[in-house]
Structures are given as C-alpha cells and as structure tokens.
Amino acid sequence: QNMRKNVKINVENATEFMYVLPIVVKAFEMEIIPANRIVAQIGETLILTCNTTGCASPSFSWRTQMDNPLGGTVNNHRTYSTLTMNPVSVVNSHDYLCTVFCGEQEKKEKSIKVELYSFPSDPIIEIRPSSLVYGERVTVICKIPDVYPSDHLEVILKKDELVLHEENFYEDDSTNTETKTVTYSFKYTSEDIGKEITCVAKLPIANMDFEPKERVTSQKLNANFGPQNTIITVSPDNPPMEGDSLNLTCVTESNPSPQIIWRKHLADESIQHLIENNVLSIPDARFNDSGLYICEVINLVTNKTEKATVDIVIQGAPNIAELSIEPSATVQEGENVSIQCSAESNPPPKIILRRKADSTDMGPYSEGRVLVLSSVTFLHGGNYECVAENSFGESKSDITLNVEFPPQNITVLVYPSENVKEGENVTITCSTYSNPPSQMVLKKVHQEKEIILPSVNGTFILYNVTKNDTGRYLLDVFNEVGNNIKVIEIAVVGRLEKPDQMIPLIIAFSCVAAVAVPVVAILIYVSRKAKINGSYSLVKALRLKV
C-alpha cells in the first residue's frame, strides 16, 4: 500500500515550496531456502530456512504434510526460522511445510520436498582364499556399504575388460541403508596372475541430482610367492670411509610383502639382532661397524625364508683406542714395565712405541703394540708416545711413566768443619736426588734420649756450639721408596786462652778451607747432575733438589 504525505517547507527570504515524498512499505512475503526440492545424503547435515519480509514480528511453525515427527531441531529468529537435521536419516524423507503468521490476520505457508539417498563410499573387494593356488577356485566378494535406496543398485564384476558377473537389486524392499554384497567364483589359472578384478557399483535414480552415481574399486590377482632373488645394495657404492653415512637396502621379490630382519655376524661368532626394516642406516660409520651383515626375508604366508649377506669394510686413518702402562703408570726402580698401544683402522696401522724427546736419541723404541722395559731405573721415566699410521693418515697419543727411587747421590757438607771451637756456628748442608722428593731429619745420639734437629731446605744450623754439642749425629734422608743414613761426628773444643803465633795462619787456612770445601762439593754435585741430566748448567745445578 502506497501512502503520500505533503510536507510544507519555509525558506527565509524565499518562495514557499511544496514537496511530495513517496514512502514504500514492503508487502508481507515468505520463502523457503532451498526452494521446492532438495536432495540430501543420509548421514550429512541439512538446514531448511523459512525467511520473511514485510512483517515486523512474524511467528513460525514447521510440520510435515503427513504430520510425522520433524526429525530435526527448530530455531526461531526475528525474521526467519531454521529446521536443522543433523544427521539426515530416512525419517527425514518428507514434504516439510513452513507456516508464518503476521499478526492475527495474515498467514502464509510454503512446502519443500526432501529426497534422500546414500552412496557414501567405493565398493570393497575381498578375494578368497588369500593365498592363491593354481587350479583351485577363487571367490570374489564385492561389498557396497550403506546403500539407499538399494532397489536402484546395479553391480558389475569384471576381470580386466571381461565381464564376469552382473547383478541388480530392483526387487529389494529395504527401507534403510544397507550393505549389499555380490559374490562370484572362478577357477584360478596361471594366466590370471596380475589381472585386475574390478567391481562397478551404480545407483542411477531418475530426477535426483547427486554425484557420484557410479563407484569403482579394483584389485589385482596376485599369487603368493617368494621370497626370491634377494640381494643387498649398498649406498654409496664406493668403498665406505669412517664418518660416512651408509645405507644397506634389502631387495627381494615376494607376495605378500615379507618380514625383513637385519643381523650382524660378530667377531666372537655370535649374531647381533639389529632392526626389522628393509633399510639399515648407519649415519656415522665407525671401524667397529665393519663386518658381515645378514638380511633375512620371511614370507609368513608361503612360510619361506631367504637370506642375503654383504661384507662391509670401513676404511680410514687410525684411531688410537688404548694406550696404557702395566702394572701401573707409577712404578719403582727395578720393576718390569710394559707399555701397550692398540689402534683401529683399515688398512691395519703400523704402530710405533717410543720415548718422546726433542733429540734424535729417543731411547726405548718398538715397532709394535708393546714396548717392554726391564728393571727400570729413573732414567726410564718420562713421556712415551704411540704413533699409528696407514695410507690415510696417522694418529698420536702420549702417556707418562713415573719411576720412583730412594734418595741417591747424597752429599753432606759441614761448615766450617766437623771440628770447631766453642761459640761457633756449625752449618750442615745435605743434597740428594730422589723421586718423590726426600725429607731429612738430623738426630743426635744421646745416652739418655734422642735429640731431633729441624731442617730448612736441607740445611741444619747449630748455633753457638758448646762441648755438650760434641757427639755423633745421624742424618736420615728418606722418601716413600726408601732411606739412607749418613753419620757425622762433631767435635767441639774449648777456646785457646793465649794467643799463638800460628793463629793468623790457621785462621787464613780455615777461611780458605771454608770457602774451598763448599765450592769443591758444589762442583762435584754439578758434575754428577750433568751426568744424570745429560747436560751441564751451573745455574740449574745450584738449585739443589731436596
């Protein structure tokens, strides 16, 4: 209904104008979406929408024409209403009617026809028996799952392009989804190997628009055989080097697919189980990965087993696996010592064991895995190295032999002499060579008790001696390995009360002797030290090792 309204507008200092504005009001209408007819697959979700225009507050009502249950959920909104079927089932195969009231006077209604079908998946083929034997009968079973309406179903069985069997279900009166089965048997021959069995299912329903209306499944006829012609391929095919990635693949002919087990033949004749897979991967090859690998293939249907082997040899520069000293890295003089070195590589390495030194005279040397040192002395102590080499390179490793021995080359200096006068100081200095370093104790032999005197870096000082200091002193030099005792006789005499003409001469001689004796002693020690160390250094020799 159209209505007009006159509007009067006054404009200052202007003529009056009259405008007529048309206002359009929509009429009350309704529609159903989708319109008239809908084809839905059982098991899916279907939503019907009843929509209105031209009514501010409509009310909705849904029903079937035969007043059957709706089989869905109604949701009303301001200007539309929905009927949701989730999932769609055979009870939803109806004409649905939507009625809309606008106020008390106006009413409209429309209907929609819901048509259903079910053709959800491809056929399933079963071939029996699973283990095919020439000359025996084979049964092919084709199953078409959840079909509706089944009275339109058509099924064709083919072997390659040859039609074996056709069947339809036009007389079927099923009222719900059903799985339909078609069966056919024939004699299995050698010519059938590799041929394809195909099941074609069609659901042609006139005036129903859905896809697909035809579903197809195929399966080959394969006899069970094998395993046979089993081999192992190695990748990469060039000789493997240490650190390379290596893949061993077991290739065989078998139907059905076989079980594959990898094993390794160990040096002690035992067999190590590895993995159950057709590919054995060695991501970072080591020398100990070398060996005989076995691929065992088992067909559980034919109950047959076949094996293939490959010998893997990993090449590379040597790795020193062990460097040791027997019985221990720390020994005592006189013991027998064995230095042992083992290395792994391919090709096998040449092993050299030797004393490590800067000079060309390297001392003990062995071209082999063992260097034997009999009745070792302190001269055998030091660093030894193992050198392993082959055509791909070399490897070195060091170890230290520590030879312990008791104090040796003990030198005792008494200053100014063993015969002194009262009031003088007596200095006793001791030097020695030992491993581990020595300790020193000076003891005075006394009738009643033993007096022990302290030492400062191998030096003992008797201050302001008296006649009571006269006697025998024992100097005990020792370490964990052994000890050595030196005896010192100290004689203290009283001072002369009258000067003697010989005193200046004696004093001069004593001074010379006091200087000469230590110097001579030091030179003797330096000479011996030079013999031990193979070199002469006055500065080094003066650093007396206690």
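A charge sits over a ring if NZ of Lys or CZ of Arg is within 6 Å of the ring centre and within 35 degrees of the ring normal. R215 meets this over the face of F119, at 5.7 Å from the ring centre. The charged end of K213 sits over the ring of F210, 5.2 Å from its centre.

This is a predicted model: local features need pLDDT of at least 70, side-chain atom pairs count only at pLDDT 80 or more, and totals for chains, interfaces and linings use all residues. Residues are numbered from 1 along each chain as its sequence is written, and side-chain values use heavy atoms, with hydrogens and water left out.

**Aromatic pairs**

The structure holds five aromatic pairs (Phe, Tyr or Trp rings, the six-membered one for Trp, with centres within 6.5 Å; planes under 30 degrees apart are stacked, over 60 edge-to-face, the rest tilted).

F405 lies in strand 32 and Y433 in strand 34 (residues 426–435), so their pair ties together parts 28 residues apart in sequence. Strands are DSSP runs of E, at least two residues, numbered from the N terminus. F378, F405 and Y433 form one aromatic cluster.

**T64**

T64 lies in strand 6 (residues 58–64). T64 is buried, with a relative accessible area of 1%.

Notes: Helix = DSSP H or I, 4+ residues; strand = E, 2+ residues; numbered from the N terminus. Buried < 20%, exposed > 50% of the residue type's maximum accessible area, 1.4 Å probe, protein only.
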